Amino acid sequence: MVRLLTLDAVPSVIELSAAAGWNQTPEDWSRMIRLEPEGCFCIERDGRVVATATLLCFGAELAWIGMVLTHRDYQRRGFARRLMSAAVDTARGRGVRSVKLDATDQGHALYESFGFVDEQPIERWRREPRPAEPEPAATGPVPHALDREACGVDRSRFIDALPGPVRACDEAYALTRPGARANYAGPIVARHPRDADRLLASLLDDGAWYLDLLPSNQAARIIASEHGFAPVRHLTRMRLGQPIQTRDDYVFGIAGFEAG
Ligand SMILES: CC(C)(COP(=O)(O)OP(=O)(O)OC[C@H]1O[C@@H](n2cnc3c(N)ncnc32)[C@H](O)[C@@H]1OP(=O)(O)O)[C@@H](O)C(=O)NCCC(=O)NCCS
C-alpha cells in the first residue's frame, strides 16, 4: 500500500501540502523526487495521494526524513507510521549511520516510537511584506567545503539542485527559492555573522519571507530580528543513530525542514 512517489503525482501531492498550509511548490516536490526516486513514498486513497514521507540521503553519513504529512481526513489510521517505516528501512538498507528530521509537535510521539531522540529546537521565522531595497552582492559557486564544515556532511548533490543565483564569497553563501506562501531564504551559511547579515540584506525584497534557524545560534536570531523577521513556529530537530559533528554557529538559515 506504500508506493514510490512519482513525478506524475506532483499535482495531487501539491493539493495535499497546500491544504496543510505548507510552503512547498511543485518544483520543490519534483526536485525531491528527481534526487531520491527510490526514497519518496506515498499512500493513495480514492485516486489521490493522502499521505507522504521523503528520505534524502547525504552519502552513508546522514539521511533526512521530511514531508511527513497525512491528509486530515485520513489521519490516525497508521499511514504516517507505515511511511516512516519505509523511510527508516530504506536508510538502514543503505547503511546510513544517522537519520535526522525536524519534528512538529504532532509528529513528535511518532518519531520517538521509532527511537528518534531530541537534538535541539528549531524555529521558523517570518518577515511580512514591507518596502525593501536589496543591496547588491557578489554571486559565485557554493563554497561546498564551508557547507560541509557547517553541516558535517557533503550536501553538494542537494544544494546544487536548488535554484540560483548563489550569493557567495569564500566565507559565506545564501540561496533563495519561491514558496507557495512566502519566499524562502536558505540555506544561509557563513563563517562570520557579518557576512550572513550582508547576504540577507542582499536577498530580501518587499515580499513575504520565511527563514528557518537554530535558536542555539544567538547571532542568527539577532540578525533575523534586525531584518524584520519574527518566530512563528517551533519544531524539534531529532536524530536516530550516531551524532554528527556540526558548526551550528555557521548556520544562519537551514536548507528546509525536508532537507536539514
Ligand atoms: C503527524 C502526522 C503526519 C501523523 O499522521 P497519521 O497518519 O495520522 O499518523 P499515524 O496514524 O500513523 O499515527 C502514528 C502515531 O502518531 C501519533 N499521532 C498521530 N496523530 C496524532 C495527533 N493528532 N496527536 C498526537 N499524536 C498523534 C500517535 O503516536 C500515533 O500512534 P498510535 O497509532 O499509537 O496512536 C499527521 O498528524 C499530520 O500530517 N500532521 C500535520 C503535518 C505534520 O505536522 N507533519 C509532521 C511533520 S514533522
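These legends walk through a few close-up views of a predicted model.

Residue numbers start at 1 in each chain and follow the sequence as written. Because the model is predicted, local features need pLDDT of at least 70, side-chain atom pairs count only at pLDDT 80 or more, and totals for chains, interfaces and linings use all residues.

**View 1. The whole protein chain.** Here you can pick out 8 helices and 12 strands (DSSP runs numbered from the N terminus: helices are H or I with at least four residues, strands are E with at least two). The radius of gyration is 18 Å, close to the 18 Å that the globule rule gives for 260 residues, so the chain is as compact as a globular protein of that length (the radius is taken over C-alpha atoms, and the rule is 2.2 Å times the number of residues to the power 0.38). Along the principal axes, the C-alpha atoms fill a box of roughly 50 × 35 × 30 Å. Of the 260 residues, 43% count as buried, that is, with 20 or more other C-beta atoms, placed from the backbone, within 10 Å of their own.

View 2. The chain splits into domain 1 (2-96) and domain 2 (124-253), with bounds from an automatic or database domain assignment. Their centres, taken over C-alpha atoms, sit 24 Å apart. Domain 1 brings 12 residues to the contact and domain 2 brings 14 (contact means C-beta atoms, placed from the backbone, within 7 Å). On the domain 1 side, helix H2 (26-35) and strand E3 (48-58) each give two or more residues. That side has 6 nonpolar, 4 polar and 2 charged residues (nonpolar: Ala, Val, Leu, Ile, Met, Phe, Trp, Tyr, Cys and Pro; charged: Asp, Glu, Lys and Arg; polar: the others, Gly among them).

**View 3. Around the ligand.** Look for 18 residues surrounding the ligand, the closest being Thr70, Gln75, Ala80, Thr104 and Gly107 (a residue is near if its C-beta atom, placed from the backbone, lies within 6 Å). Strand E4 (62-70), helix H3 (79-93) and helix H4 (105-113) each supply two or more of the shell's residues. H4 gives the most, with 4 residues. By class, the shell has 9 nonpolar, 6 polar and 3 charged residues.

View 4. Lysine 100 belongs to strand E5 (residues 98-103). Why does lysine 100 count as buried? Because 22 other C-beta atoms lie within 10 Å. Leaving aside neighbours within four places in sequence, its contacts are Leu62, Trp64, Arg237, Met238, Arg239 and Gly260.

Methods
Two residues are in contact if their C-beta atoms, placed from the backbone, lie within 7 Å. A residue is buried if 20 or more other C-beta atoms lie within 10 Å of its own, exposed if 12 or fewer, and partly exposed in between; C-beta atoms are placed from the backbone.
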